[in-house]
Amino acid sequence: MISVKHVFKTFGAAAAATTALDDVSLEVARGEIFGVIGQSGAGKSTLIRAINLLERPSSGTVTVDGEELTRLSPDQLRLARRKIGMVFQHFNLLAGRTAQGNVELGLEIAGVGGTERRRRSLEILDLVGLADKAGAYPAELSGGQKQRVGIARSLAGNPKILLSDEATSALDPETTRSILDLVKTINVQVGLTVLLITHEMDVVKRVCDSAAMLEHGRILEQGSIVSLISTPGSRLAHELFPLGEIAPHPGNTVIEITFSGGSADRPVIAQLARSYGLDVSILGAVVETIGGNQAGRTRLELPGTPLANAAPIADLRGQGLLVEIVGDGAAMEGARA
Amino acid sequence: MIDPTAPGFWSGLFQVLLVGTGETLYMVGVAVLFTVLVGLPLGILLVGTERGGLFEAPFGYRPLGRVINRVLEFVVNLGRSVPFIILMVALIPFTRLVVGTFIGSTAAIVPLAVVAIPFFARMVEIAIKEVDSGLVEAAESLGATRWQIVAKVLVPESLSTLILGLSTTVTSIINFSAMVGTVAGGGLGQVAIQYGYQRYSTIHMVAVIILIFIIVMILQGLATWLARRFSHRGRPTRSRATVPTAI
């Protein structure tokens, strides 16, 4: 649905240019929620603005729904943008218009007639749960309500894609959840493809089907959450399941087992202890619901060197679990597999 | 010297003031109309043709935007730096060309509009610059054209600041309109000069001052009320601070 290929974006003149996007390529499938996570300054905002060309890439192509936007004339681009909704961190609502007036803005721009505009805007305000606030000005609305108006505005023109620029970053945790749930609901109901950028891992955990990690303008990794979790050494997976520092006892082996899908509810550790007579210590465990599925990571300490534990580890891997040896006692640093 | 005790003095005074007020309102009103018609687009262009502005590259041609910006800056600065009394006289040939004469209230409209347009353009510039660039971005993301952004975002969102800026502009047009009285432009200024100054009638002088003061007060009150009405920010005083109140 969205295909970004080899996009570079530099700001400033050649000598003092800063590179905001450095050979970024992304694939977002139809109907999924794709999250780009990164810290401030990683280039997230530039990336999302490059999708609807609010920020024109220095080079590379952006294709949305089969249309190569980077090739379009300004007039064609304006038409294409109407199929791409966008919500913003600071909502960007017109202060002089009511909630309904803000929702109607896009329809006015598209030349939709008055009656149809009113009908559509009320319908969409109802969808985001603000039917009773149609006549309220943004100054009279809470942050969460403002973002609902922002979402309604972006959806009024029936876009196929929603771009979310840190839409929940200015909201408290509870409101964040309700907004994310709204996005998820719309995603499911309307089949809307969502590309969101965020610096909060919780956002990715809660709604994303796929994710990419952006750092210094480069994509470090990307893929479906399920596949990322089962990728050894994935930074995203590591940040999804923060287990803290590793401090193994000398001579013992520390492993991390990642569970996802069906393997999450099997009594793996008990089996391990029983079958091999091992004194397994649990150093840490995290279980999360990701994209509606249980997934987790457990850090275990097994007595003996990794060599001595080769058989149980092979057994675990044989069960389809992702097992990473993260410490072997000698290497206190905890070199990751 | 006029004798206030002479018969018909008060009715004469009333008549003179009525005509003077009418002329002043006529001059100012028409001048304001032209000021808005020319000054508003001028102010928008002044901001728009700046680097990164909406009209940075008219017809896709960046140097053109830069040239337009430079020219407008020059014109606005020139218009604002020439003292009105000089401008008024210097414009006489132009006024004659446009109106056919350089005497009377209609002729006075020309220099009044010429002096007010750059002044108001600056006010517009200030007001438009205050609009959050995020709003422009939001409109762009909805596929708005540049004109739609001007008409639906920039002007409506800066409306209350624009109104206050206009009120300041009108106040200075009223000030200048009194000055055209010195060159037979009519209006309350001419009443003050002819009766108050040349014929030593303190009553005329005081009456003119009071009348002008009342006009300005009504105007300012109206502008403040309108600005509040269009603000919707929950903090209606926000915009007022940014409009310079001095002339």
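In this predicted model, the lining of the largest cavity is made up of nine nonpolar residues, three polar ones and one charged one. The cavity itself holds about 90 Å³ of space. Among its 13 lining residues, A:Ser164, A:Ala167, A:Thr168, A:Leu180 and A:Leu196 are the closest to its centre. Three elements of chain A each give two or more residues to this lining: strand 7 (161-165), helix 6 (173-190) and strand 8 (193-198).

How many cavities of 30 Å³ or more does the whole structure have? The search finds three. Rolling a probe the size of a water molecule over the atoms shows where such empty space is left.

The second largest cavity has a volume of about 70 Å³. Its lining divides into five nonpolar and four charged residues, with no polar ones. The residues that line the second largest cavity are A:Val64, A:Asp65, A:Glu67, A:Leu69, A:Ala80, A:Lys83, A:Ile84, A:Lys160 and A:Ile161.

B:Phe213 sits in helix 10 (residues 202-229) of chain B. Is B:Phe213 buried or exposed? Its relative accessible area is 51%, and because exposed means over 50%, B:Phe213 counts as exposed. Between B:Phe213 and B:Val136 there are 77 residues in sequence and 40 Å in space, taken from C-alpha to C-alpha.

Note on methods: Residues are numbered from 1 along each chain as its sequence is written. Chains are lettered from A and ligands numbered from 1 in the order in which they are written. This is a predicted model: local features need pLDDT of at least 70, side-chain atom pairs count only at pLDDT 80 or more; totals for chains, interfaces and linings use all residues. Side-chain values use heavy atoms; hydrogens and water are left out. On a 1 Å grid over the protein atoms alone, a cavity is a set of points where a 1.4 Å probe fits but cannot get out, and a pocket is an open set with protein on both sides within 12 Å along at least five of seven lines; lining residues have an atom within 4 Å of a point. Grid points are joined across faces, edges and corners, and a volume is the space filled by probe spheres set on the points. Helices (H or I, at least four residues) and strands (E, at least two) are DSSP runs, numbered from the N terminus. Ala, Val, Leu, Ile, Met, Phe, Trp, Tyr, Cys and Pro count as nonpolar, Asp, Glu, Lys and Arg as charged, and the others, Gly among them, as polar. Buried means under 20% relative accessible area, exposed over 50%, partly exposed in between (1.4 Å probe, protein chains only).
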